[in-house]
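Open the structure in your viewer and keep the sequence panel beside it. Each stop below tells you what to select and what is there.

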Amino acid sequence: MACNGCATSSGLDVEFSMAFQPIYDAVEDRVWGYEALVRGLSGQGAFEVLSRVLPEQKYRFDQDCRIKAIELAARLFPADEELKLSINFMPNAVYEPAACLRATLLAAARCDFPLSSIMFEFTENEEVTDTGHLMNIITEYRRHGFTTAIDDFGAGHAGLGLLVQFQPDLIKIDMLLVRGVDASPARQAVVSGVVGIARELGITVLAEGIETEAEFLFLKGIGIRLFQGYWFAKPAFEELPEVRIGAVAADSATA
């Protein structure tokens with residue numbers, strides 16, 4: 001995949017780019033994909049960048065983030081590997097799903113980036129006031145072959161109610177539930193319950209925010225396959241970081 005001559009025309013006063021954090025597949029012991037994370041050009045975090053985006057600029061910013069993520073991924077992802085690109089989007093910034101996808105589709109075509117490699121995730125921390133509108137977004141995204149995901153699951157506004165109304169392809173269990181799960185019976189019960197519900201609904205589970213081997217081993221033991229967190233790799237600005245691969249199996253075998 002290559003993106004020749006790709007450029008984002010922003011119209012915003014906020015300059016930004018992307019860092020990439022890997023998503024690890026524990027069954028196949030390989031990188032499954034990368035999440036694109038907003039960063040300022042001097043390394044500022046997403047919160048600092050977003051705090052400078054005015055409410056009336058959210059749509060433009062949301063669109064530009066998608067384009068920037070696709071451009072960089074097309075340049076960085078190895079051509080011979082099937083990798084997912086996870087892009088965050090803001091449901092409340094999408095006014096009409098089909099129209100709001102035009103820039104994404106054009107960027108993917110221009111950069112020769114397959115639509116089937118794109119995963120759109122929205123955070124449960126963003127309150128969705130119109131669930132019907134969200135359903136329309138998800139339906140339109142699936143029509144184009146995108147994977148859909150709920151980020152920060154278990155720590156936001158909707159929780160299980162969101163799964164009742166629609167079933168995404170993937171949910172990312174929030175790090176607040178993951179942190180210290182190996183030593184917390186309460187967290188173990190909640191996370192095991194979520195994994196069981198997801199299995200019944202045919203939804204893939206990803207555990208994010210993994211910082212210790214003990215957290216990883218417990219979650220892998222209850223059937224979680226996909227992982228993300230500093231224990232595997234920290235995000236790298238406009239690069240693909242080295243990932244703890246192979247060493248996971250070796251560490252477990254010698255434990």
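Start with the surface view. The accessible surface of the protein comes to about 11600 Å². Carbon and sulfur atoms account for 51% of that surface. Keep in mind that this is a predicted model.

**The whole chain**

Switch to cartoon view. You will find ten helices and nine strands. The protein has 255 residues, and 48% of them count as buried. Now think about contacts between residues at least 6 apart in sequence: 69% of them join residues at least 24 apart.

**Colour by confidence**

Colour the model by pLDDT. The average for the protein is 86. A score of at least 70 is reached by 84% of the residues. Next, select residues 4-10, where pLDDT stays under 50. The model has twelve contacts beyond four places in sequence for this stretch. Then select residues 249-255. Here, too, pLDDT stays under 50, and the model has five contacts beyond four places in sequence. Where pLDDT is low, the predicted coordinates should not be read in detail.

**A nonpolar patch**

Return to the surface and select Leu160, Ile197 and Leu201. They form a nonpolar patch, with about 240 Å² of accessible area together. Now pick out isoleucine 197, which is found in helix H8, residues 185-201. Is isoleucine 197 buried or partly exposed? It counts as partly exposed, because its relative accessibility is 34%.

**Inside: arginine 66**

Go to helix H2, residues 58-76, and select arginine 66. Arginine 66 counts as buried because its relative accessibility is 0%. Which side chains does the side chain of arginine 66 make polar contacts with? One is the side chain of aspartate 62, at 2.9 Å. Another is the side chain of tyrosine 141, also listed at 2.9 Å.

**Salt bridges**

Side chains of opposite charge can pair when their charged atoms come close. The structure holds twelve salt bridges. Visit three of them.

*Arginine 225 and glutamate 28.* Select this pair: they form a salt bridge, and the closest N and O atoms are 3.1 Å apart. Arginine 225 has 33% relative accessibility, so it counts as partly exposed. Glutamate 28 has 44%, so it counts as partly exposed as well.

*Lysine 172 and glutamate 35.* Move to this salt bridge, with 2.9 Å from N to O. Lysine 172 lies in strand S6 (residues 170-173) and glutamate 35 in strand S2, so this pair ties together parts that are 137 residues apart in sequence. Hide the surface to see the pair. Lysine 172 counts as buried because its relative accessibility is 0%. Glutamate 35 is buried too, because its relative accessible area is 4%.

*Glutamate 215 and arginine 179.* Select these two side chains, which meet in a salt bridge at 3.6 Å, N to O. This pair links distant parts of the chain, 36 residues apart. Glutamate 215 is in helix H9, and arginine 179 is in the loop between helix H7 (175-178) and H8. Which of the two is buried, and which is partly exposed? Glutamate 215 counts as buried, because its relative accessibility is 2%. Arginine 179 is partly exposed, because its relative accessible area is 27%.

Select Asp25, Glu28, Arg30 and Arg225: salt bridges that share partners join them into one network.

**Last stop: phenylalanine 166**

Find the loop between helix H6 (160-165) and S6, and select phenylalanine 166 there. Phenylalanine 166 is buried, because its relative accessible area is 4%.

Key. Residues numbered from 1 in each chain as written. Predicted model: local features only at pLDDT ≥ 70, side-chain atom pairs only at ≥ 80, totals over all residues. Heavy atoms only, no water. Patch = residues over 30% accessible without salt bridge, like charges linked within 9 Å, V, L, I, M, F, W, Y side chains within 5 Å. Areas by Shrake-Rupley, 256 points an atom, 1.4 Å probe, with all protein chains shown as cover. Salt bridge = Lys/Arg side-chain N within 4 Å of Asp/Glu carboxyl O. Helix = DSSP H or I, 4+ residues; strand = E, 2+ residues; numbered from the N terminus. Buried < 20%, exposed > 50% of the residue type's maximum accessible area, 1.4 Å probe, protein only. Polar contact = N/O pair within 3.5 Å; in protein donor to acceptor, adjacent residues only side chain to side chain. pLDDT = per-residue confidence, 0-100. Contact = heavy atoms within 4.5 Å.
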